[in-house]
Every structure is written in structure tokens, then in C-alpha cells.
Amino acid sequence: MRMDKYLWCIRLAKTRSIASKLCDAGKVRIKGVEVKPSKEINPTDQFELRDIPIWRSYTCLSIPKSRVGAKLVSEYVE
């Protein structure tokens with residue numbers, strides 16, 4: 001799944017265009033490397049999201065088929 005779509009699906013970004021802008025601005029890293037919105041994310045990948053002034057670390061547990069409800073987010077990201 002694309003990184004921008006994944007951020008939107010697990011509710012780390014309100015819209016997909018915001019998620020894409022986060023990637024373009026260099027605020028998303030996978031394994032320490034800044035990624036583009038089209039970068040594929042796989043289960044067990046660790047990624048970081050910049051939430052000023054800190055970097056928050058997450059681990060992808062699985063890939064959702066579509067946007068998930070707030071209660072189900074913990075099944076997809078840790």
C-alpha cells in the first residue's frame with residue numbers, strides 16, 4: 001500500500017492530500033530515510049512521523065483494505 005494512503009487509512013492524517021503533503025515535506029521516514037507518497041509500506045516496517053517538535057515512531061502490523069474506525073487502529077499500527 002502507498003505510504004500516503006496508509007497514513008490516511010490508519011487516521012494519522014485527516015485527508016489523503018494532507019498525508020501526501022507530509023511525505024513531500026520530509027516529515028515521514030521509513031528506516032531513517034525520507035519517503036515519497038508513492039513509497040510502498042509492508043507489514044513489520046518501522047516508520048517515523050514528525051509531530052513538531054518530536055519524531056513519533058510506529059510499526060506497521062498489517063495493511064488495512066480501507067480507512068478504519070478509531071477503535072480498530074491498534075490492529076494495524078503500534
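Reply: A residue is called exposed when its relative accessible area is over 50%, buried when that area is under 20%, and partly exposed in between. Please keep in mind throughout that this is a predicted model.

Me: With that cut-off, is Thr44 buried or exposed?
Reply: Thr44 is found in the loop between E2 and E3, and its backbone has a positive phi of about 80 degrees although Thr44 is not a glycine. Its relative accessibility is 64%, and a residue counts as exposed over 50%. Thr44 is therefore exposed.

Me: In what order do the four strands lie in the open sheet?
Reply: Strand E1, residues 28-30, is joined to E2 by two bridges, and E1 also pairs with E3 over three bridges. E3 in turn pairs with E4 over six bridges, again in the antiparallel sense. The edge strands, each pairing on one side only, are E2 (33-34) and E4 (54-59). Read across the open sheet, the order is E2-E1-E3-E4.

Me: Which residue of E2 is the bridge partner of Ile30?
Reply: Strand E1 covers residues 28-30 and runs antiparallel to E2, with two bridges between them. In E2, the partner of Ile30 is Val33.

Me: And which residue of E3 is the bridge partner of Val28?
Reply: E1 and E3 are paired in the antiparallel sense, with three bridges between them. In E3, the bridge partner of Val28 is Leu49.

Me: How many residues lie between E3 and E4 in their hairpin?
Reply: The two strands are antiparallel and share six bridges, among them one that pairs Phe47 with Tyr58 and another that pairs Asp51 with Ile54. Pro53 has its place in the loop between E3 and E4. The number of residues between the strands of this hairpin is two.

Me: Which residue is joined to Pro53 by a cis peptide bond?
Reply: Pro53 belongs to the loop between E3 and E4. The cis peptide bond there has an omega of about 10 degrees, and the residue that it joins to Pro53 is Ile52.

Me: Is Trp55 buried, exposed or partly exposed?
Reply: Trp55 is placed in strand E4. Leaving out residues up to four places away in sequence, Trp55 touches Gly26, Lys27, Val28, Arg29, Glu48, Leu49 and Arg50. Its relative accessible area is 28%, and values between the cut-offs of 20% and 50% are assigned to the middle class. Trp55 is therefore partly exposed.

Me: How far apart in space are Trp55 and Ile30, C-alpha to C-alpha?
Reply: Trp55 lies in strand E4, whereas Ile30 has its bridge partner, Val33, in E2. In sequence, Trp55 and Ile30 are 25 residues apart, and their C-alpha to C-alpha separation in space is 12 Å.

Me: Is Thr59 buried or exposed?
Reply: Thr59 is in strand E4. Beyond its neighbours within four places in sequence, Thr59 is in contact with Thr44, Asp45, Gln46, Tyr76, Val77 and Glu78. Its relative accessible area is 19%, and the cut-off for this class is under 20%. Thr59 is therefore buried.

Me: Why do the buried residues of helix H2 line one face?
Reply: In H2, residues 16-24, the buried residues are Ala19, Ser20, Leu22 and Cys23. What covers them includes helix H1 (3-9), E1 and strand E3 (46-51), while the face turned away carries the exposed residues Lys21 and Asp24. The buried residues line one face because, seen down the axis of H2, they fall within an arc of 155 degrees.

Me: Which residue just after H2 takes a positive phi?
Reply: Helix H2 covers residues 16-24. The residue just after H2 has a phi of about 80 degrees, and that residue is Gly26.

Note on methods
Residues are numbered from 1 along each chain as its sequence is written. This is a predicted model: local features need pLDDT of at least 70, side-chain atom pairs count only at pLDDT 80 or more; totals for chains, interfaces and linings use all residues. Side-chain values use heavy atoms; hydrogens and water are left out. Two strands pair if DSSP finds at least two bridges between them. Buried means under 20% relative accessible area, exposed over 50%, partly exposed in between (1.4 Å probe, protein chains only). Contact means heavy atoms within 4.5 Å. The arc is that of the directions from the helix axis to the C-beta atoms.
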